[in-house]
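Work through the exercises below with the sequence and the structure at hand, trying each task before reading its solution.

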Amino acid sequence: MKQHLLRGRTMPARGLLLTTLVAAALALTACGKKEEAPKPAEVPAPAAAPAPAPAATPAAPKSAAQVAVDAAKPLCEGGKTITIVWEAGLQSLDPKNFSGPKWEKETGCKVSVIEVPTAEMFTKIMQEFRAGTGAYDALNVIPAWMPDLAQAGALEPLDALVDKYGYRDELKTIAATYRDNQMTVGGKIYGFPDDGDVFIMYYRKDLFAREDLQKAYKEKYNADLAPPKTWDEFAQIGSFLTEKLKGEGIYGASMFREPGYGNFMFQERFRNEGGKFFDANMKATVNGPEGVKVLKGWLAENKFMPKGVEKFGFVENLAVFLKGESAMTISWPPYGRFAAGYLANEKALDWVPKSQIGGKVGYALPPGGHPELAAGFALSVASTSKNKEAAYLFIQWLNSEEISNERVQLPYALRDPFRDSHFTNPGYVALWPDAKDYLAALGQAAQTGLLDLSLIQTDKYEEALRQGISKLWAGEDPQKILDKVAADWDAVTQQVGVDKQKPVYEAWAAKSGAYPKK
């Protein structure tokens with residue numbers, strides 16, 4: 001631009017000089033005298049072009065968190081209160097101790113946390129929707145419930161607000177497995193994936209590295225002792241380690257087997273074995289050979305695990321592992337943080353046994369390589385809310401890159417990494433020496449994880465499976481158990497209506513996390 005302006009200004013000077021020279025030549029010719037041509041009139045040099053004003057530095061775009069804060073301030077004038085349903089217990093310490101007070105400080109909106117046990121959350125949300133009192137503004141929703149809640153009309157579609165407040169770009173940085181599987185129903189956004197609940201294998205890397213065990217395993221199986229990649233390897237290694245370490249009070253593995261947890265473990269392993277939940281006509285196929293193999297595998301594995309393992313829940317299994325009494329286990333991400341021991345002095349976690357294995361734990365994907373996205377939470381807005389926009393802005397802020405990176409590091413809460421940035425966050429990596437490896441394993445799981453089965457009346461299908469697992473521990477035959485589970489599933493499908501349930505299942509099955517990619 002500057003060069004173009006200078007060219008424009010020199011053109012008149014050149015014209016004046018040429019006119020002067022022509023006039024002088026004509027005068028000489030007319031007089032016939034050889035006179036020295038007069039010097040052309042001196043033309044003043046063109047004035048230098050004024051320097052252009054420096055271009056204004058464009059303002060950096062606001063973060064999604066700041067957009068939410070700025071938009072919420074006028075809505076929050078006068079001390080508005082937003083209610084949010086949250087899982088009772090440790091999970092609720094996030095909005096009660098951190099995010100709620102922080103949001104109030106930044107916007108003026110108070111946050112009222114309604115604590116509800118997970119087992120009651122679906123029912124409570126539906127009851128409130130039917131009553132229509134507007135008591136709930138924002139919700140925590142387990143993604144498997146989303147089709148039920150969306151079809152009932154209990155959840156507010158969020159697309160218009162996502163676009164209004166420019167949140168789509170930040171939604172793209174939620175890890176693929178969560179983003180692509182836990183956000184939409186029928187192509188509409190009903191919730192923001194907000195909790196990276198995924199199963200990870202934890203193993204005693206110090207034991208796997210012991211020279212005597214390495215040597216003995218190599219001699220027996222002509223293979224290196226390493227974290228198992230298949231369930232057959234898991235059984236072989238677990239049995240071997242129990243044989244070698246039982247004298248030291250260590251079992252080859254432990255697992256939670258209680259039916260509520262077993263539901264998730266079955267869903268994961270069944271699909272890693274190649275199983276499909278339904279055939280093309282919506283007939284349940286959980287009683288096929290893949291399902292029977294899973295239950296028989298559990299019975300065989302329990303023989304090299306601690307006595308009473310079939311009753312183990314989250315806490316019982318955690319205690320055995322943290323005391324150093326098992327060499328392998330599979331669980332949610334908090335196990336990794338608890339095992340590291342850096343949270344030992346956190347008052348809210350005084351129920352967690354003191355870790356005896358800090359610095360001795362490795363992290364890997366469970367056998368099969370496709371871990372279960374077991375439960376988890378998404379943030380939604382209640383369709384009956386009287387403060388929908390304020391509620392939306394609160395969950396956008398909670399879920400944003402900026403705030404979620406703080407929330408997943410809270411020592412007392414149980415929100416697990418779910419954004420790509422969480423897996424490489426320098427602050428998180430620095431929390432304990434092996435945190436980088438832990439986050440890398442969670443990042444891998446976020447690429448290959450399997451979505452919980454999600455249908456109309458999902459809870460009835462899950463309850464039939466839980467009852468089946470209870471019968472397994474009571475000594476019933478695996479094939480007989482799964483035949484009954486399949487019959488119960490078919491009954492639920494008929495009750496809902498095949499024509500109504502089939503498109504819901506097909507939409508779920510089309511998602512990237514429904515079945516392992518071959």
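**Exercise 1.** Of the contacts in the chain with a separation of 6 or more, what percentage is accounted for by residues 24 or more positions apart?

Solution. This is a predicted model, in which local features need pLDDT of at least 70 and side-chain atom pairs count only at pLDDT 80 or more, while totals for chains, interfaces and linings use all residues. Residues are numbered from 1 along each chain as its sequence is written, and side-chain values use heavy atoms, without hydrogens and water. Counting a contact as heavy atoms within 4.5 Å, residues 24 or more positions apart account for 76% of these contacts.

**Exercise 2.** Find which residues of helix α10 are buried, and explain how they are placed around the axis.

Solution. Helix α10 spans residues 211-221, and its buried residues (under 20% relative accessible area, with a 1.4 Å probe and protein chains only) are L213, A216 and Y217. These residues lie on the same side of α10, because they cover an arc of only 100 degrees around the axis, taken from the directions from the helix axis to the C-beta atoms. On the other side of α10, E211, K215 and E219 are exposed, that is, over 50%. The buried residues of α10 pack against α9 (205-208) and α11 (231-245), and after the helix comes N222, with a positive phi near 50 degrees.

**Exercise 3.** Decide where the model calls for caution.

Solution. The average pLDDT of the chain, the predictor's confidence in each residue from 0 to 100, is 90, and 88% of the residues score at least 70. Over residues 1-47, however, the pLDDT is below 50. Where pLDDT is low, the predicted coordinates should not be read in detail.

Notes:
Helices (H or I, at least four residues) and strands (E, at least two) are DSSP runs, numbered from the N terminus.
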